[in-house]
Amino acid sequence: MATKLVQWLTVFTLFTSVWVSLVFKLIPVQLDDKVLEVLWPLPVYLLVVFGSYSLATIGYRVATFNDCEDAAASLKAEIEEAKADLTRKGFKFS
């Protein structure tokens with residue numbers, strides 16, 4: 001089972017090898033000039049798309065982050081219980 005890093009590196013390597021082969025005409029394929037005009041800046045376009053997707057995903061996750069009110073109340077109760085226990089043992093809170 002491959003990790004996510006290995007998957008990303010595999011896709012990146014495949015894309016880079018195909019892109020370099022087409023741009024520098026290492027394989028005998030007839031490409032129109034218009035295709036080459038799009039092919040040259042393709043990595044930059046993909047980087048911009050990936051960055052936009054990442055920002056949108058992070059923004060969505062932050063906007064829909066759930067508050068755990070039950071867990072917060074439980075944690076506050078445990079903190080008060082710990083303070084009371086420490087006070088009985090001689091610890092003084094300021």
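The model is predicted, with local features needing pLDDT of at least 70, side-chain atom pairs pLDDT 80 or more, and totals for chains, interfaces and linings using all residues. Residues are numbered from 1 along each chain as its sequence is written, and side-chain values use heavy atoms, without hydrogens and water.

I searched the whole structure and got four aromatic pairs. My ring criteria: Phe, Tyr and Trp (its six-membered ring) pair with centres within 6.5 Å; planes under 30 degrees apart are stacked, over 60 edge-to-face, the rest tilted.

One of them is W8 with F50, edge-to-face at 5.8 Å between centres and 65° between planes. W8 sits in helix α1 (residues 4–23) and F50 in helix α3, 42 residues apart. I take helices as DSSP runs (H or I, at least four residues), numbered from the N terminus.

I checked exposure next (buried is under 20% relative accessible area, exposed over 50%, partly exposed in between; 1.4 Å probe, protein chains only). W8 is exposed at 53%. F50 is partly exposed at 44%.

I then took F24 and W40: their centres are 5.7 Å apart and their planes at 85°, so this pair is edge-to-face. F24 is in the loop between α1 and α2, W40 in the loop between α2 and α3, so the pair ties together parts 16 residues apart in sequence. W40 is partly exposed at 46%.

Last, I examined α3. None of its 22 residues is buried, so α3 lies largely in the open.

Notes: Helices (H or I, at least four residues) and strands (E, at least two) are DSSP runs, numbered from the N terminus.
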